[in-house]
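Please read the points with the structure in view.

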Amino acid sequence: MDDITKHKKGEERVEFERQKLFNLFMNAPALICVLRGPEHIYELANKPYMQMVGSKRNLIGTQIRKAIPELKEQGIFEILDKVYKTGNPFIGKEMPIKLNTTETGKTDTVLNFVFQPYSDSNGKVQGIISYASDITSLVDKRKRIEELSRQKDEFIAVASHELKTPVTSIKGYTQILQMRFSQEGNTKAVELLSRMDGQINKLSKLISDLLDATKIEGGILQFHEVFFDFNELVMEIVEEMQQITQRHTIIVKVALTTKIYGDRDRIGQVITNFISNAIKYSPNNDEIILTTSKAKNTISLCVQDFGIGIPKQNQDKVFDRFYRVSGDKEDTYPGLGLGLFISSEIVKRHKGTITVTSIKGKGSTFCFVLPVENIVKNNNISKLA
Ligand code: ADP
């Protein structure tokens, strides 16, 4: 075979491969076009692409600038020029494109696309393959869900705010009645009112959890930081929680105390949440162990129970908003799935970490670690009080 024949055969082979690729492009479900040369002249535009830009346009053999002039203001020609010049691909994510087409009745399209340059055997760029997917309806759906979700959050915020005032008044009236009946020596009524008070407390807790969760979502959960004695707070809460459970004994093993800088009430809220979950999720066991330990720069607290435990695959999700482990037993435990979400946010805002270790059927241990010195540094306070 002489050189000319060899060269011809080579060219035929290249043309054959090119046709194969073009056939593939023509039948692909994505929006594909091939633009040749520095002027970006249409060499191929498949059916989905034509449908998007309007099938009445004459594309093949025409420069993209002339075929779809409205792309000028949208910066597309500059991107194509750059891809051709540099030989680097360009990836467009969720790019809104406006097209003047009456055919589809649609002018705004959102695309994910790549402009991929292709070269000859010497590495010289010959043109650009544009490969795109129309994600308009996906983006519309996501936006609709995000609104709806905002409306839901606003509703929860308003509803919980509105519920708070009457519940506070009911609590006040209950206390007045308790006092009156107590003065009259009506022990039965006092006992009933004390149960009522317990239920009102649960209601208030649910409402304030809902309010806190919406504040976290809106980024407006306030913190009031002060120096406080860590063990003093722990003991205060343990005493309070011990009173609401007859079955459980809270065993406390605390390390030497330290003063920490943070929001006392919010950190207290995390400890309360750990203990009340330990009580709630270990109805058939009577021991809860609370431990604290102190390292050079950190203070940590763990609450261990010997209750129902959490399956391994659910453990990292328990800190998510509204997440509750579902299963035949767990369904019977009341709750909104907000306590640990709020706790995790509080710990994170104090630059700490929150963790869980658990074995299903054996029990769980929830811990948090707070970086004592970092908290101080972050607040520009050089010395502990
Ligand atoms: P709630 O208890 O109101 O549902 P939380 O956010 O406090 O919400 O907890 C989320 C979920 O994590 C709970 O629904 C429960 O499935 C699981 N969980 C939390 N603490 C424990 C625990 N001590 N033992 C077993 N499961 C727990």
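1. Start with a cut-off. A residue is called buried when its relative accessible area is under 20%, exposed when over 50%, and partly exposed in between. Keep in mind that this is a predicted model.

2. Now the surroundings of arginine 57. A polar atom of its side chain lies 2.6 Å from the backbone oxygen of valine 53. Neighbours within four places in sequence aside, arginine 57 is in contact with Met50, Ala67, Ile68, Pro69, Glu70, Leu99 and Asn100.

3. Proline 69 is on that list. Proline 69 is found in the loop between H3 and helix H4 (76-86). Is proline 69 buried or partly exposed? Its relative accessible area is 44%, so proline 69 is partly exposed.

4. Proline 69 has contacts of its own. Not counting residues up to four places away in sequence, proline 69 touches Arg57, Ile64 and Phe77. Asparagine 100 is 31 residues from proline 69 in sequence, and the two are 9.2 Å apart in space, C-alpha to C-alpha.

5. Next, the ligand. Which residues come nearest to the ligand? Of the 20 residues around the ligand, they are Asn277, Tyr281, Asp305, Arg324 and Leu340. By class, the shell has 10 nonpolar, 7 polar and 3 charged residues.

6. Check the oxygen atoms of the ligand. A polar side-chain atom of lysine 280 lies 2.9 Å from a ligand oxygen atom. For tyrosine 281, a polar side-chain atom lies 2.8 Å from an oxygen atom of the ligand. Leucine 340 uses its backbone: an N or O atom there lies 2.8 Å from an oxygen atom of the ligand.

7. How much of the ligand does the protein cover? On its own, the ligand has 530 Å² of accessible area, and the protein covers 97% of this. Helix H8 (264-280), helix H9 (339-349) and strand S12 (363-371) are the elements that give two or more residues to the shell. The largest share, 3 residues, comes from H8.

8. Last, leucine 163. This residue has its place in helix H5 (residues 136-184). Its relative accessible area is 42%, so leucine 163 is partly exposed. Leucine 203 is 40 residues from leucine 163 in sequence, and 9.5 Å separate the two in space, C-alpha to C-alpha.

Definitions and conventions. Residues numbered from 1 in each chain as written. Predicted model: local features only at pLDDT ≥ 70, side-chain atom pairs only at ≥ 80, totals over all residues. Heavy atoms only, no water. Helix = DSSP H or I, 4+ residues; strand = E, 2+ residues; numbered from the N terminus. Buried < 20%, exposed > 50% of the residue type's maximum accessible area, 1.4 Å probe, protein only. Near = heavy atom within 4 Å. Polar contact = N/O pair within 3.5 Å; in protein donor to acceptor, adjacent residues only side chain to side chain. Areas by Shrake-Rupley, 256 points an atom, 1.4 Å probe, with all protein chains shown as cover. Nonpolar A, V, L, I, M, F, W, Y, C, P; charged D, E, K, R; others polar. Contact = heavy atoms within 4.5 Å.
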